[in-house]
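Please read this briefing alongside the sequence and the coordinates shown below. The lead sentences come first, and the points that follow are grouped by topic.

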Amino acid sequence: MRAKIEDMVLYIHKEDVPEFKKGGSVVRNSYFWALRSIAGQAYRNRDWEYEAEVWVALTRMLLSFSESRYLGLSETILEFPSSQAQIPDVLRSISTWE
């Protein structure tokens, strides 16, 4: 998932956030609700926002869904642009550069 950090807020690109699909996969819908539940802002057609206070929970959640192997790595790894000077330690285990 494409991500960036500005002013200690993590943004996940609106095209990369999971979608809720009525009658869809239980795992994917659970993933949607789990990510949405800790987001500071999670509006349709906008980047989702996560304040630094929830980054530990976000990391644990992404690791858990990644380890389940029901979702692909592109859905559970944060991809930062190369212009991102540094990835915070708390996010490093679930992050990479584009």
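Which residues have the most contacts inside the largest nonpolar core? They are Leu10, Tyr50 and Leu78, in a core of 27 residues, where a nonpolar core is a set of buried Ala, Val, Leu, Ile, Met, Phe, Trp, Tyr and Cys residues joined through side-chain atoms within 4.5 Å. At least two residues of this core come from each of β1, β2, α1, β3, α2 and β4 (78-80). The model is a predicted one, in which local features need pLDDT of at least 70 and side-chain atom pairs count only at pLDDT 80 or more, while totals for chains, interfaces and linings use all residues. Residues are numbered from 1 along each chain as its sequence is written, and side-chain values use heavy atoms, with hydrogens and water left out.

**Sheet**

- The strands β1, β2 and β3 form an open sheet of 3 strands in the order β1-β2-β3, with antiparallel pairing; strands (E, at least two residues) and helices (H or I, at least four) are DSSP runs numbered from the N terminus, and two strands pair if DSSP finds at least two bridges between them.
- Because β1 and β3 (48-51) stand at the edges with a single partner strand each, one side of each is left without a neighbour in the sheet.
- Neighbouring strands of this sheet are turned by 25 degrees against each other on average, direction ignored, with axes taken as lines fitted to C-alpha atoms and angles running from 0 to 180 degrees between N-to-C directions.
- The antiparallel pairing of β1 with β2 extends over 4 bridges, and Ile5 has Leu10 as its bridge partner in β2.
- Between β2 and β3, which also run antiparallel, there are 4 bridges, and the bridge partner of Val9 in β3 is Glu51.

**Positive phi values**

- In the hairpin of β1 and β2, with 2 residues between the strands, Asp7 has a positive phi near 50 degrees.
- Met8, in the loop between β1 (3-6) and β2 (9-12), has a positive phi near 60 degrees although Met8 is not a glycine.
- Arg69, in the loop between α2 (55-68) and α3 (73-76), is likewise not a glycine and has a positive phi of about 65 degrees; Arg69 counts as exposed because its relative accessibility is 74%.

**Helices**

- Helix α1 (residues 26-38) has 13 residues and reaches 19 Å from its first C-alpha to its last, close to the 18 Å expected, the expected span being 1.5 Å times one less than the number of residues.
- Asn29, Tyr31, Phe32, Ala34, Leu35 and Ile38 are the buried residues of α1, and their cover includes β3, α2 and α3.
- At the start of α1, a side-chain oxygen of Ser25 reaches to within 3.3 Å of the backbone nitrogen of Val27.
- Thr76, in helix α3, counts as buried because its relative accessibility is 0%, and the Thr76 side chain reaches the backbone oxygen of Gly72 at 3.3 Å.
- Leaving aside residues up to four places away in sequence, Thr76 touches Tyr31, Leu62, Phe65, Ser66, Leu71 and Ile94, contact meaning heavy atoms within 4.5 Å.

Methods: Buried < 20%, exposed > 50% of the residue type's maximum accessible area, 1.4 Å probe, protein only. Polar contact = N/O pair within 3.5 Å; in protein donor to acceptor, adjacent residues only side chain to side chain.
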